[in-house]
Amino acid sequence: MTKKSKQMTAAEVRSSFLEFFRRHGHTIVPSAPVVPQDDPTLLFTNAGMNQFKDVFLGIGTRPYKRAADVQKCIRVSGKHNDLEEVGRDTYHHTFFEMLGNWSFGDYYKREAIQWAWELLTEEWGLPKEALWATVFEEDDEAAELWPEVTDLPPERVLRFGHKDNFWEMGTTGPCGPCTEIHIDRGPEYCDKKDDPNHVCQVNGGCARFIELWNLVFIQYNRDENGELHELPAKHVDTGAGLERLVAVLQGKASNYDTDLFQPIIRRIEELTGKTYTGGFGEPDVAFRVLADHIRALSFAIADGALPSNEGRGYVLRRILRRAARFGRVLDMHEPFIFRLVQPVADVMGDFYPEIRERQELIERVIKTEEESFGRTLDRGLEIFEQKAAAVLAAGEKVFPGDVAFLLHDTYGFPLDLTQLMARERGLTVDEEGFNRLMAEQRERSQKASTFEAAAAEAATEISADIPPTRFVGYTKDETETKVLAVLGNKVILEETPFYAESGGQVGDTGVLIADGREYRVVDTQKTGDRYLHFVEGASEEELAGLVGKTVVARIDVEKRRATERNHTATHLLHKALRTILGEHAQQSGSLVHPRYLRFDFNHFEKVKPEELEAIERMVNEAIVANYPVKWEIVSFDEAKRRGAVALFGEKYGDRVRIVEVDDYSRELCGGTHVRATGEIGYFHIVSESAVAAGVRRIEAVTGLVAHEVIVEDEKRLDALQQLLNSRREELVERVKALLEERRELEKRLREARMGGGKDQVKQWLQSAVQVDGVRVVSAKAEAADVDELKHLADLLRAEIGSGVGVLATVIDGKASLVCVVTQDLVEKGVRADQIVRKAAAVAGGGGGGRPHMAQAGVKQIEKLGEVLEAVPGIVQEVLRAK
């Protein structure tokens with residue numbers, strides 16, 4: 001590059017991009033959450049176009065024809081990114097920002113190309129002589145436009161095939177050619193100089209030529225036969241990665257050298273005492289992994305995702321544990337990743353205020369996960385050692401894929417870590433078996449509910465000619481309407497009183513009535529602006545005959561009213577939680593069902609009984625007050641001015657529906673509600689529990705269901721009174737006395753059993769065997785708990801003189817082992833922890849402990865006899881290895 005571009009901060013690049021397109025008539029829209037709320041096919045928002053997918057599919061509309069935004073994205077798998085590669089180069093990321101502009105049937109190729117060139121070269125000052133363009137090999141129009149509307153000569157407009165320059169949403173549906181803008185950063189940026197066959201060129205695979213911007217022209221629809229058909233309305237969808245643009249504009253060879261990452265890297269240096277050099281050794285890889293992963297974790301948690309063992313929660317846990325493992329490379333063995341949230345908030349908080357607003361939650365969730373992984377890491381290492389030893393003992397060389405998957409899935413071990421440890425022991429890992437189980441896991445994690453998945457699938461089948469469904473259910477329980485389309489068992493109506501599942505509220509059920517017959521609607525879902533009524537009890541042929549007919553659509557009124565009671569109750573509960581526990585107790589999820597409500601909220605400890613009592617009382621006081629409930633459509637700014645609660649992770653447009661419960665509560669909500677709080681009747685909390693780190697869950701009931709629950713509780717109390725022959729006010733003290741009596745009896749029984757322990761030891765010693773001159777006892781013991789088993793093992797160790805003892809027992813359906821080794825053998829290197837691990841492995845168990853005493857659990861209880869029989873052989877193996 002011969003001309004220097006403007007020196008701009010990342011914040012200036014964002015703002016100048018949006019201002020440029022605002023001047024060109026674009027509506028600036030906010031980023032969608034990284035956790036998709038209305039697309040069950042996606043774990044995370046991975047492109048700027050995700051929030052406009054319904055428009056491209058022809059099933060949704062917007063009040064504008066031109067849009068621009070900066071979209072926060074997460075990509076962690078598939079063709080776009082491989083998590084295991086992040087950090088090993090200087091440009092792959094799990095979290096990134098995508099600058100984009102869109103045209104929905106408005107401008108097309110000419111303007112898109114002209115404006116992209118103008119912004120890059122005139123506004124940002126990139127050297128024109130360093131820029132190249134690629135076009136689809138058959139797109140003559142784009143190839144001719146580049147030299148016509150820009151200064152780019154024809155020889156720097158290159159044609160490529162489908163792989164590089166043709167975009168498709170899926171195997172069918174909207175698609176079209178794309179044109180990409182690349183920049184030649186100079187020969188010094190080539191990272192393939194050691195390859196004698198490498199040629200630096202556009203799409204040549206080295207870091208000299210890099211793509212800056214992709215302009216997609218959506219002009220076709222691909223049918224099921226693979227044929228392309230011109231779309232009546234053509235769209236533009238563009239995307240430019242902010243991190244890469246900022247690196248180019250700041251003259252940096254690495255994205256990690258820009259002001260987006262450097263404050264995070266400096267904080268890692270402070271915490272670890274290590275220095276980042278920008279190289280490719282493990283310490284520098286660790287710096288990049290940590291700097292990248294903390295951004296993905298912070299934004300995902302801020303938008304409502306939490307680490308778990310399934311779906312997007314599983315992906316978050318994998319990211320966090322990978323970061324923690326690389327923390328070990330920097331000699332960090334205590335939780336520290338949570339301390340990196342602060343520099344993320346410093347860098348990103350002005351443009352994304354949710355990071356600052358939820359900073360405490362993000363930090364506490366990450367810290368809790370770090371603490372948890374610190375414990376599981378050691379357990380995972382134990383499991384690896386046990387299995388590797390078993391493989392080698394069997395004379396084999398392949399570490400099982402199912403165990404590698406167990407280490408990965410349950411203990412957070414990336415495959416490359418297991419492979420490294422296996423190589424150190426002369427083993428390879430069964431990658432095929434591992435990958436098969438990983439594929440099954442991905443399939444499980446991405447599955448949505450039956451109806452949600454069917455609705456997502458139907459989105460590709462709906463004709464763009466079908467107008468949006470008019471929802472009249474806020475004011476009507478039934479309506480006469482027309483059937484517009486039928487897709488299998490899914491009916492689309494012109495207007496409907498059926499509420500489609502969204503915002504945590506379940507979809508309505510009811511009936512469609514036509515020609516004197518009732519068709520049972522068992523669920524209602526929404527795809528774009530169309531409502532899908534799922535019908536059971538009728539053939540697809542019968543339903544297809546309804547198209548064009550007028551039907552009566554009637555909801556199940558009793559279920560709807562019950563759902564409304566529970567939905568308004570969630571608003572009252574949300575207010576009570578924030579009042580009594582603090583403003584941090586924000587909603588993180590909910591389910592509104594006719595029979596109950598479930599409400600997840602941020603809180604870092606179990607809610608105390610007195611707090612639950614106060615919360616329940618506050619909600620019931622609001623019900624007794626019979627506050628009026630009203631709703632209206634207002635601008636988003638007006639809703640914020642009134643103090644309405646907007647939920648993190650939800651996507652809001654310029655116009656929003658605000659639900660007000662007098663002066664008690666204001667929330668943005670699209671659900672159905674009672675007209676006055678008195679209609680709820682009564683609110684009763686059934687349970688309070690933990691969902692994930694920093695998230696609690698309350699389940700509650702209202703109305704007649706609350707009455708049913710209380711009546712059942714009363715029946716149980718009456719039964720207890722009769723069983724214990726006590727008055728109700730005496731029940732608690734009576735139960736306490738019974739429990740104390742039981743504890744005393746158990747204590748006496750244990751003492752009696754332990755007193756007879758010496759008799760058991762004598763019997764065991766009589767059946768001891770000699771192994772290479774060492775006395776070995778392996779026996780099944782009678783013990784009430786593990787402490788009693790340890791006491792018996794101590795007695796055995798004291799009486800055996802010189803030897804090894806392994807005792808086994810079954811307690812509450814779980815098998816336990818305790819191994820003891822006398823001090824003289826410990827001094828010779830015979831360890832109880834080694835012996836007990838090997839013994840437990842015979843029946844799929846594991847354990848550990850100290851050299852003189854260790855314990856283990858056994859999964860396959862039926863093999864307990866085999867475990868004890870194997871002990872002499874295991875002791876012999878240990879002795880001969882010394």
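1. Before anything else, a word on names: helices here are DSSP runs of H or I with at least four residues, strands are E runs of at least two, and both are numbered from the N terminus. By that naming, Asp402 sits in helix α13, which covers residues 401–411. Asp402 also belongs to a negative surface patch, together with Asp430, Glu431 and Glu432.

2. Now the big picture. What you have above is a predicted model. The protein has 882 residues, and 52% of them count as buried. Its secondary structure comes to 27 helices and 32 strands. Along the principal axes, the C-alpha trace spans about 100 × 80 × 55 Å.

3. How many disulfides does a search of the whole structure find? The count is zero. Take Cys178 as an example: its closest cysteine sulfur belongs to Cys175 and is 11 Å away, which is too far for a bond, because a disulfide needs the two sulfurs within 2.5 Å. Cys178 is buried, at 3% relative accessible area. Cys819 is buried too, with a relative accessibility of 0%.

4. Salt bridges are another story: the structure holds 55 of them. One joins the side chains of Asp140 and Arg159, at 2.9 Å from N to O. Asp140 is in helix α4 (residues 140–149) and Arg159 in strand β5 (residues 157–160), so this pair ties together parts 19 residues apart in sequence. Asp140 is partly exposed at 41% relative accessible area, and Arg159 is partly exposed with a value of 41%.

5. Have a look at Arg554 and Glu478 as well, a salt bridge whose closest N and O atoms are 2.9 Å apart. Arg554 comes from strand β19 (residues 550–555) and Glu478 from strand β13, so the bridge ties together parts that are 76 residues apart in sequence. Both ends are partly exposed: Arg554 has a relative accessible area of 31%, and Glu478 has 39%.

6. Strand β13, residues 478–487, also holds Thr481. Is Thr481 buried or exposed? Thr481 is buried, with 4% relative accessible area. From C-alpha to C-alpha, Thr481 is 9.9 Å from Gly548, though 67 residues separate the two in sequence.

7. Lys715 is exposed, at 51% relative accessible area, while Glu712 is partly exposed at 37%.

8. Some charged residues go beyond simple pairs. Asp477, Asp508, Arg560, Arg561, Glu564 and Arg675 are linked in a network of salt bridges.

9. Asn626 is not a glycine, yet has a positive phi of about 55°; Asn626 is in the loop between α19 (609–624) and β22 (629–635) and is partly exposed at 42% relative accessible area. Asp772, also not a glycine, has a positive phi of about 50°. Asp772 lies in the loop between β27 (769–771) and β28 (774–780), and counts as partly exposed at 45% relative accessibility.

10. Last stop: Gly504, in the loop between β15 (495–496) and β16 (510–514). With 22% relative accessibility, Gly504 counts as partly exposed. Its C-alpha is separated by 56 Å from that of Glu869, which is 365 residues away along the chain.

Conventions
Residues are numbered from 1 along each chain as its sequence is written. This is a predicted model: local features need pLDDT of at least 70, side-chain atom pairs count only at pLDDT 80 or more; totals for chains, interfaces and linings use all residues. Side-chain values use heavy atoms; hydrogens and water are left out. Patches are made of residues with over 30% relative accessible area and no salt bridge: like charges are joined within 9 Å, nonpolar side chains (Val, Leu, Ile, Met, Phe, Trp, Tyr) within 5 Å. Accessible areas come from the Shrake-Rupley method with a 1.4 Å probe; for residues, only the protein chains shown count as cover. A salt bridge is a side-chain nitrogen of Lys or Arg within 4 Å of a carboxyl oxygen of Asp or Glu. Lys and Arg count as positive and Asp and Glu as negative; His and the chain ends are not counted. The place of a charge is taken as NZ of Lys, CZ of Arg, CG of Asp or CD of Glu. Buried means under 20% relative accessible area, exposed over 50%, partly exposed in between (1.4 Å probe, protein chains only).
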